Amino acid sequence: MSLSAVNAGVVAMAVSYAGPLALVLAAADAAGLSAAQTSSWVWAISVGAGLTCVGLSWWSRAPVITAFSTPGAAILVTALPQHDYAEAVGAFLLAGAAATALTVTGVFTRVLARIPEGIVSAMLAGILFSFGTAIFTSLRSAPLLAGAMVVGYLLVKRLWPTYAVMGALAAGLAVAAAGGGLDADIAGAGLAVPHLTVPHFSAGALVGIGVPLLVATLAGQYAPGMAVLRADGYEPGERVVCGTTGAVSTLLAPFGSHAVNPAAITAAICTGPEAHPDPARRWVAGVSCGVGYLVVGCFGSTLVALFTGLPAALVATLAGVALLGALSGSLARTVADERHREASVITFLATASGVTVAGIGSPFWGLLAGVLAHVLLKVRRREPAGPLGQDGDLEPAGGAERGGEVVDHPADGAGGDTETPPDRLVGQSLRE
């Protein structure tokens, strides 16, 4: 046991709830779910994350941190009200089964590499866009409350970045309490009781919820989560980790779990030297985080009661600042590659529009529009010739210059020649 590792796990667990839980509760409220269904949802994602954290960290002796999907919850805020809850549960189940199959077989890496990074990032940015603008909407309706939260977030972000979201929450609670805006009724709170919903399957929910949820979770959580582990020298086995979280998501879907996956941002709290100087002892942080999930999840109804008593502006601002990092990163990747920029911008605009066609939400249509634009703009297009190399050969347009020398194509046979990859794809850039 190590106090620093235990503390890192507790902090990671607290950060996981500080912002993303507001998204889950916002989605439940928008869909009109009952208190029992919402409490069961919180219980399911907490227990799923807790069991996988403890089990995978213990098995691999690495700090494997899991969490519930933040981009998935963001999708559900707009998509869930458009479908019957039983149909949404069916979509959760199918998305979890598909994630399990794709990761265990290794197909996930190959499929993801076929879609340019900018298009997937643009879909996520379009989903998160409304949460960012909600900060300024809250500033108009509750300027003191939202303003204090934004200032608190920025100040803590500068001094202690890990606790920035918690700083915003603390500032919001202080202002709301001073103004008498807190109305949390926990008289009926207690242990969470799982609520089973028999899944129904429909094409509309599968396409409107299942497909965007699967793509956003795999691209936005699975790949970055494994990249964080590898960056600190851990190789716990991608197929085992991702396959296990997918299987747990599938099993808990009838109780409300939308997705459990490897964490990215919170994982970095536990995988670095701050958790423990010895990398071989940081796995304790994963177990600590998992135990925290299990304890908090058992009191899911209490969490629901506390959050539902918060002012709407506080919850909206909290969700917005919690997603600022994800939004800025997604926007940067959306326009990073000039070759795919136009298709990525089309994806972003279509997703951010919020358009619904045939009961299917904008994330799917945005992704479809971006992929279609990419195919029409890029397929079989002849690339223009680049500059002449020192050996007189015509070089491709993507060639790079180093110290005045043009990097040759490998076909030239010159020793040490390299070629930049044709596409900055999701899987490749994360591995780099």
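Which residues have the most contacts inside the largest nonpolar core? This is a predicted model, and in it they are Trp 41, Leu 80, Ile 209 and Tyr 293, in a core of 103 residues. Helix 10, residues 203–231, gives the largest share of that core, with twelve residues. There is also a second, separate core of six residues, and Ala 44, Ala 192, Val 248 and Leu 252 are among them.

Setting aside neighbours within four places in sequence, Ile 209 contacts Leu 76, Ala 79, Leu 80, His 83, Ala 88, Ala 91, Phe 92 and Gly 204. Leu 80, then, is a contact of Ile 209 and is also one of the residues with the most contacts in the core.

Now the overall numbers. The protein has 19 helices and six strands. Of its 432 residues, 52% are buried. Among contacts with a separation of 6 or more, 79% are between residues 24 or more positions apart.

Next, helix 15, residues 312–322. Eight of its eleven residues are buried, so the rest of the structure largely encloses this helix. The buried ones are Ala 313, Leu 314, Val 315, Thr 317, Leu 318, Ala 319, Gly 320 and Val 321.

Leu 159, Trp 160, Tyr 163 and Met 166 form a nonpolar surface patch of about 420 Å². Met 166 sits in helix 9, residues 164–178, and counts as partly exposed because its relative accessibility is 31%.

Key. Residues are numbered from 1 along each chain as its sequence is written. This is a predicted model: local features need pLDDT of at least 70, side-chain atom pairs count only at pLDDT 80 or more; totals for chains, interfaces and linings use all residues. Side-chain values use heavy atoms; hydrogens and water are left out. Buried means under 20% relative accessible area, exposed over 50%, partly exposed in between (1.4 Å probe, protein chains only). Helices (H or I, at least four residues) and strands (E, at least two) are DSSP runs, numbered from the N terminus. Contact means heavy atoms within 4.5 Å. Patches are made of residues with over 30% relative accessible area and no salt bridge: like charges are joined within 9 Å, nonpolar side chains (Val, Leu, Ile, Met, Phe, Trp, Tyr) within 5 Å. Accessible areas come from the Shrake-Rupley method with a 1.4 Å probe; for residues, only the protein chains shown count as cover. A salt bridge is a side-chain nitrogen of Lys or Arg within 4 Å of a carboxyl oxygen of Asp or Glu. A nonpolar core is a set of buried Ala, Val, Leu, Ile, Met, Phe, Trp, Tyr and Cys residues joined through side-chain atoms within 4.5 Å.
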